[in-house]
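Hi everyone, thanks for making time. I'd like to walk you through one model today, so let's get it up on the screen.

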Amino acid sequence: MENLFVKPEAKEALQSFRIRVEAIQTEDEYEKGRNHCILVVLRSMESTPEQWDLCCQINIGWIGGYFIKSLSDSNEQLDKRKLDLICSDCFRFLFEMDLSIKNDLSRNFERVKRFILTNLDKFEEDARLEIDFALKEMPISIIKSLLNSDSITSIKDFNLNQEKAEQLKVEWEREISEKEKRVNQLKKSLDEYENAFNFVGLYQGFDDLAVEKTKEKDSILYWLRILSVVIILPIVSELFVILNNIEDIAAIKDGLLVSLVPTISFVAICTYYFRILLVNYKSVKSQLLQIDLRKTLCRFIQSYSGYSAGLKKQDSESLSKFENIIFSGIVSEEGKLPSSYDGLEQISKLIKSMKA
C-alpha cells in the first residue's frame with residue numbers, strides 16, 4: 001500500500017492550503033460553497049490520513065503527487081480556476097472513498113457531493129472534465145485496475161486452484177491409502193517376525209539345553225561301558241587262573257578262597273555304581289525326549305496360535321496344554337534311585353553265607 005496523506009510533507013501542505021482557503025472572503029454563494037467543500041475534505045484528510053491512504057489507493061497512484069504539489073505551491077494565486085481544480089481533485093478522492101467503504105458517507109461528505117453535482121456547470125472546463133471523468137470513467141478504471149490486481153487475479157484463479165486442489169486431494173487420498181496398506185503389511189510382517197524371533201529364541205534355548213544333555217548322556221554312557229568291563233574283568237581273571245591251574249586246583253584252593261571275598265566285594269560295588277549310572281542314563285534320555293518334544297512344538301506353534309486365536313476367544317484354555325508342556329520343568333525318569341546302602345547289604349549277606 002502506498003502512503004501519501006500520513007507523510008509530514010503532505011500534512012504540512014494540507015494545513016497550509018486549508019489556512020489560505022479559510023482566509024478567503026467572498027460574497028458569491030457558489031464560491032462559498034466550493035470553498036466549504038474543499039475545507040471539509042482537507043480537514044478530514046488532516047484528521048484521518050490513514051483512512052484516506054487506505055481507501056484512495058487508485059487516485060493516490062494517479063494524481064496523489066500532483067495534488068500535494070498543487071497544495072504546496074504557496075506562490076500560485078488562488079483564483080477560480082485553481083480552486084475549481086483543487087475542488088475537482090478533492091471530489092475524485094471523495095468519490096473513490098465512497099466506492100471503497102462499506103457504509104454510506106457522512107452527511108458532510110454527502111453535502112459536498114450534492115453541491116458539486118448540482119453546481120457542475122459553474123466549474124471551469126478543466127475542473128468540470130475532471131468531475132465528469134470521476135463520475136463516468138473513473139469507476140470503470142478503478143474496477144479495471146482492481147480486476148488486474150494480484151488479489152483479483154487470485155480470485156479468478158480460485159476455481160482453477162480449487163479443481164487442482166480437489167485433484168490433489170484425490171491423489172493424496174489414494175497415495176495415503178496405498179501407503180496405509182503398505183504400512184499395515186509391514187506391521188503384519190514385523191509382528192510375524194517378532195513372533196518368529198521369539199519362538200526362534202525359545203527353540204534355541206531348548207537346543208542349547210539338548211546339547212548339554214547330550215554331552216551328559218555320552219559321558220554317562222562312557223562310564224557305563226568302563227564299569228561293564230571292570231565288572232567282568234575280575235570274574236574273567238578268576239576263571240583264567242582256575243583254567244590254567246586245573247591240575248593243581250587243590251594247591252591254589254586256599255588262595256582262591258582268600259581272593260574270592262575282595263573280588264566279590266569289588267564286583268558288587270561296581271555293580272551298584274553301574275545301576276546308578278544306568279538310571280541316570282535313562283533319566284537323561286527321557287529329558288532329551290521331552291526337550292525334543294518342546295523343540296517340535298516351537299516349530300508349528302506360531303501358525304497354531306494364529307489359527308486358534310478365534311477359538312481362544314471362546315475358550316481361554318485352548319493353548320493351556322501347549323503352555324503346560326513348553327513351560328513345565330524337565331523331569332527325570334520315574335523310579336527310585338538305588339540306595340547308598342544297597343551294595344553294602346548285598347556284601348554283608350554274602351559274607352554271612354560264607355561263614356555259615
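Predicted model: local features only at pLDDT ≥ 70, side-chain atom pairs only at ≥ 80, totals over all residues.

A quick word on how I'll talk about the pairs. Two packed helices are described by the angle between their axes and the distance between the axes.

Helix 1 covers residues 8-22 and helix 2 covers residues 29-47, and they pack at about 155° with 10 Å between their axes. An angle over 145 degrees counts as roughly antiparallel, so that's how helix 1 and helix 2 run relative to each other. Their crossing is left-handed. If you want to find the contact on screen, helix 1 brings L14, Q15, F17, R18, V21 and E22, while helix 2 answers with N35, I38, L39, L42, R43, M45 and E46. Sort those residues by class and you get seven nonpolar, two polar and four charged.

Next, helix 5, residues 80-100, against helix 7, residues 125-136. What angle do helix 5 and helix 7 pack at? It's about 10°, with the axes 8 Å apart. Anything under 35 degrees counts as roughly parallel, so helix 5 and helix 7 fall in that group. On the helix 5 side, look for R81, D84, L85, S88, F91, R92 and F95; they meet D126, A127, E130, I131, F133, A134 and L135 of helix 7. That contact has eight nonpolar residues, one polar and five charged.

Helix 7 also packs on helix 8, and here the angle is about 50° with the axes 4 Å apart. These two are therefore oblique to each other. The residues involved are F133, A134, L135 and K136 from helix 7, plus M138, P139, I140 and S141 from helix 8. By class, that's six nonpolar, one polar and one charged.

Now for the pocket. How much space lies in the largest pocket? About 270 Å³. Its lining is made of 15 residues, and C55, I58, E96, S100 and L146 are the ones nearest the centre. Helix 3 (49-55), helix 4 (57-72), helix 5 and helix 8 (138-147) each give two or more residues to that lining. Which helix gives the most? That's helix 8, with five residues.

Definitions and conventions. Residues numbered from 1 in each chain as written. Heavy atoms only, no water. 1 Å grid on protein atoms, 1.4 Å probe; cavity = no way out; pocket = protein on both sides within 12 Å on 5 of 7 lines; lining within 4 Å. Points joined across faces, edges and corners; volume = space filled by probe spheres on them. Axes fitted to C-alpha atoms, helices over the stretch in contact; angles between N-to-C directions. Parallel < 35°, antiparallel > 145°, perpendicular 65-115°, else oblique. Left-handed = near helix turned anticlockwise from the far one by under 90°. Contact = heavy atoms within 4.5 Å. Nonpolar A, V, L, I, M, F, W, Y, C, P; charged D, E, K, R; others polar.
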